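Keep the sequence and the model open alongside.

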Amino acid sequence: MDFSSKLLENAVNEVSRLPGIGKRTALRLVLHLLRQPADNTKFLSEALLHLRNDVKTCEKCHNISDTLLCDICQNPRRNSDIVCVVEDIRDVMAIESTSQFKGLYHVLGGKISPIEGIGPQELKIESLVNKVENAEIKELIFALSSTMEGDTTNFYIFKQIEKFDITTSTIARGISVGDELEYADEVTLGRSIVNRIPFEQSIKG
């Protein structure tokens, strides 16, 4: 791809680093920004800088937040006895969109994946086990995607907490095997949360 401007080429190269954005799409986005009023580009760049510099991680659930505790953890109407274990913030947003879950979350920050060099130590598993050990939780819902990595992570956490007096469940398999949670439609995902099954039963299955 030939560029008439080095500035344009640099901008396209940076935008194309984003996931799912190829050079042609990046070029289209950059040219769109060039056609907009200068203030629009300024607002976008400032929003991204504020996000990068000021965003926080919730001290309790590890969700992305503007404050030390996210809005969900601060909400007194949420049921703190039930915690839904998810991979990242996209899964929190997907489940929240169903309006079927009124508990809290625990964001792991990924899944165990030896191929990618991600082990239990790289995830927020220890803090989850501490919550269970301190009897802060009565039920743990595993809501990771139904992939090999998701199932491995579920099983690892289950083995860490099985000696404690806690109910463990997993979302029903309305979500197809191999699917990521964020791509499930709201109705299917909502039913999977409501119709969750004991985790031990999912292992035997």
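Which residue in S6 is the bridge partner of Ile141? The bridge partner of Ile141 in S6 is Ser169.

## Model and conventions

This is a predicted model, in which local features need pLDDT of at least 70, side-chain atom pairs count only at pLDDT 80 or more, and totals for chains, interfaces and linings use all residues. Residues are numbered from 1 along each chain as its sequence is written, and side-chain values use heavy atoms, with hydrogens and water left out.

## Overall make-up

The chain has nine helices and seven strands. These are DSSP runs numbered from the N terminus: helices are H or I with at least four residues, strands are E with at least two. Of the 205 residues in the chain, 36% are buried. Buried means under 20% relative accessible area, exposed means over 50%, and partly exposed lies in between (1.4 Å probe, protein chains only).

The accessible surface comes to about 12,700 Å². Carbon and sulfur atoms hold 52% of that surface. Areas come from the Shrake-Rupley method with a 1.4 Å probe; for residues, only the protein chains shown count as cover. Among contacts between residues at least 6 apart in sequence, 56% join residues at least 24 apart. A contact means heavy atoms within 4.5 Å.

Strand S5 (residues 139-142) and strand S6 (residues 167-170) run parallel, joined by four bridges. Two strands pair if DSSP finds at least two bridges between them. From S5 the chain crosses through helix H7 (residues 148-161) to S6, in a right-handed β-α-β crossover. Right-handed means that, with the strands pointing away from the viewer, the path from the first strand over the helix to the second runs clockwise.

S3 and S4 also run parallel, joined by five bridges. Val86 has Val107 as its bridge partner in S4. Here the chain passes from S3 through H5 to S4, and this β-α-β crossover is right-handed. S3 pairs with S5 too, in the parallel sense over four bridges. In that pairing, Val83 stands opposite Leu140 in S5.

## The nonpolar core

The largest nonpolar core has 36 residues. Such a core is a set of buried Ala, Val, Leu, Ile, Met, Phe, Trp, Tyr and Cys residues joined through side-chain atoms within 4.5 Å. Cys84, Val86, Ile95, Phe101, Tyr105, Leu140 and Ile157 touch the most other members. The elements giving two or more residues are helix H4 (71-74), strand S3 (79-86), helix H5 (89-96), strand S4 (103-107), helix H6 (126-133), S5 and H7. S3 gives the most, with five residues. In soluble globular proteins, nonpolar side chains tend to be buried together.

Cys84 lies in strand S3. Cys84 is buried, because its relative accessible area is 0%. Leaving aside neighbours within four places in sequence, Cys84 contacts Ile95, Phe101, Leu104, Tyr105, His106, Ile141, Ala143 and Ile193. Cys84 and Ala143 are 59 residues apart along the chain, yet their C-alpha atoms are separated by 6.5 Å. Phe101, with residues up to four places away in sequence not counted, touches Arg78, Ile82, Val83, Cys84, Ile95, Glu96, Ile141 and Ile193.

Where is Thr153 placed? Thr153 is in helix H7. Thr153 counts as buried because its relative accessibility is 0%. Its side chain reaches the backbone nitrogen of Ile112 at 2.8 Å. The side chain of Thr153 also reaches the backbone oxygen of Glu149, at 2.8 Å. Beyond its neighbours within four places in sequence, Thr153 is in contact with Leu108, Lys111, Ile112, Leu123 and Leu144.

Val129 is found in helix H6. Val129 is buried, with a relative accessible area of 15%. Leaving aside neighbours within four places in sequence, Val129 contacts Gln160, Ile161 and Phe164. Val129 and Phe164 are 35 residues apart in sequence and 9.7 Å apart in space, C-alpha to C-alpha.

## Positive phi in two loops

His62 sits in the loop between strand S1 (56-57) and strand S2 (64-65). Phi of His62 is near 70 degrees, a positive value in a residue other than glycine. His62 counts as buried, at 18% relative accessibility.

Ser99 is in the loop between H5 and S4. Phi of Ser99 is near 60 degrees, a positive value in a residue other than glycine.

Key:
A polar contact is a pair of N or O atoms within 3.5 Å; within protein, one must be able to donate a hydrogen and the other to accept it, and residues adjacent in sequence count only if both atoms are side-chain atoms.
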